[in-house]
Amino acid sequence: MAASSIGKVATLDSDGTSGLNDWYIGVYGTAYSTELLIAQTWNKDLAYRIGVAEGAEYADCGIYGTYSPAMNTHRSAFCGRNFEYYSEDGTLAGYMAANTVNGLASQGVYAYIKHFVMNDQETNRCSLLLTYSDEQAIRAIYMKPFELCVKNCEAGSFAVMSSFNFIGYKWCGANSDLLNDVLRDEWGFRGMVLTDWNGSYGYQNTDDAVRNGNDAMLGFFSYESNQITNISATLVTAMRQACKNICYAVVNSGNYTLAEETSGLDNMTSLFLTIDISVAVALVLVEGVVLIRWRKKSKAAD
């Protein structure tokens, strides 16, 4: 959304990871090779050129945020997302991802590197999946792609998508040890952190997330857990920091190269208005049919 008080423009982000895939507004781009296949080339220059090509398509559509690349670890041949992840080798995945992110950034597109971290299975990943490991394995295997990507990105702006799962008893989207201590303080990341889809799975609490380094919730429904009711000084401070992180990502992107919309409505708002109007028209038609049938039955009874 736009914030006129600080000059922030409205923005659009879309799905990846193998090209533009925006099913909300019906915009689709070229289907590029999967990350798995790209990693098998061991070709960093190719990864960069794919990022450039994808970024050009996003920019052509006025979309400057992409939920990609994904770089979780191949732990089993049966993981449902292996096509979306590079490798079982964290070093290979990290360098491929960094080059893709730099290619996207050359077109003004900021990448949400995902899913941070240890989102290495699909089964029950939204159902309080508690992942246990020791710190050495986490750093040497599961965090390695993200660390290399963050430290080798030349982009002025990129972002991070947190994951559904827990590390131990802490949800990754509200884990300050992960999002602040490691990502920002150790690795020097600057930018915004976004949740994976906010389906209100019983633990995705906005207040919790904002306080612990997760700046925004990916969703638009008014789930109870989305609503912030606590307006304490500590939460206001956390929200100010979150706003700063979000604006840092946006202001360093290509969003400010777009001409202003004369209609005053962004694409998402226009889509929702179209849906609302269509539903309203359909309801009116249904009520009309019901009324006509009722009158016919009344006349027949008379």
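Buried means under 20% relative accessible area, exposed over 50%, and partly exposed in between, using a 1.4 Å probe on protein chains only. This is a predicted model, with local features needing pLDDT of at least 70, side-chain atom pairs counting only at pLDDT 80 or more, and totals for chains, interfaces and linings using all residues. Residues are numbered from 1 along each chain as its sequence is written, and side-chain values use heavy atoms, with hydrogens and water left out.

**Exercise 1. Work out how many disulfides the structure holds, then check cysteine 126 and cysteine 153.**

Step 1: grab the cut-off, which is a pair of cysteine sulfur atoms within 2.5 Å. The count comes to zero disulfides.

Step 2: take cysteine 126, which is in no disulfide; its nearest cysteine sulfur belongs to cysteine 172, 13 Å away. Then there's cysteine 153, also in no disulfide, with the sulfur of cysteine 149 as the nearest one at 3.8 Å.

Step 3: Cysteine 126 has a relative accessible area of 22%, so it is partly exposed, while cysteine 153, at 15%, is buried.

**Exercise 2. Classify the ring pair of phenylalanine 158 and phenylalanine 189, and say which parts it ties together.**

Step 1: recall that a pair of aromatic rings is described by the distance of the centres and the angle of the planes. Rings of Phe, Tyr and Trp (its six-membered ring) pair if their centres lie within 6.5 Å; planes under 30 degrees apart are stacked, over 60 edge-to-face, and the rest tilted. The structure holds eight such pairs.

Step 2: The centres are 5.3 Å apart and the planes sit at 75°, so phenylalanine 158 and phenylalanine 189 form an edge-to-face pair.

Step 3: Phenylalanine 158 is in the loop between helix H5 (144–151) and strand S7 (159–162), and phenylalanine 189 in the loop between helix H6 (176–186) and strand S10 (193–197), so the pair ties together parts 31 residues apart in sequence. Helices (H or I, at least four residues) and strands (E, at least two) are DSSP runs, numbered from the N terminus.

Step 4: check burial. Phenylalanine 158 is buried at 7% relative accessible area, and phenylalanine 189 is buried at 4%.

**Exercise 3. Give the strand order of the open sheet with three strands, and find its edges.**

Step 1: strands pair if DSSP finds at least two bridges between them. The order is S6-S8-S9, with mixed pairing.

Step 2: strand S6 (130–131) and strand S9 (170–171) are the edges, each pairing on one side only.

Step 3: S6 and strand S8 (residues 166–167) pair in the parallel sense over two bridges.
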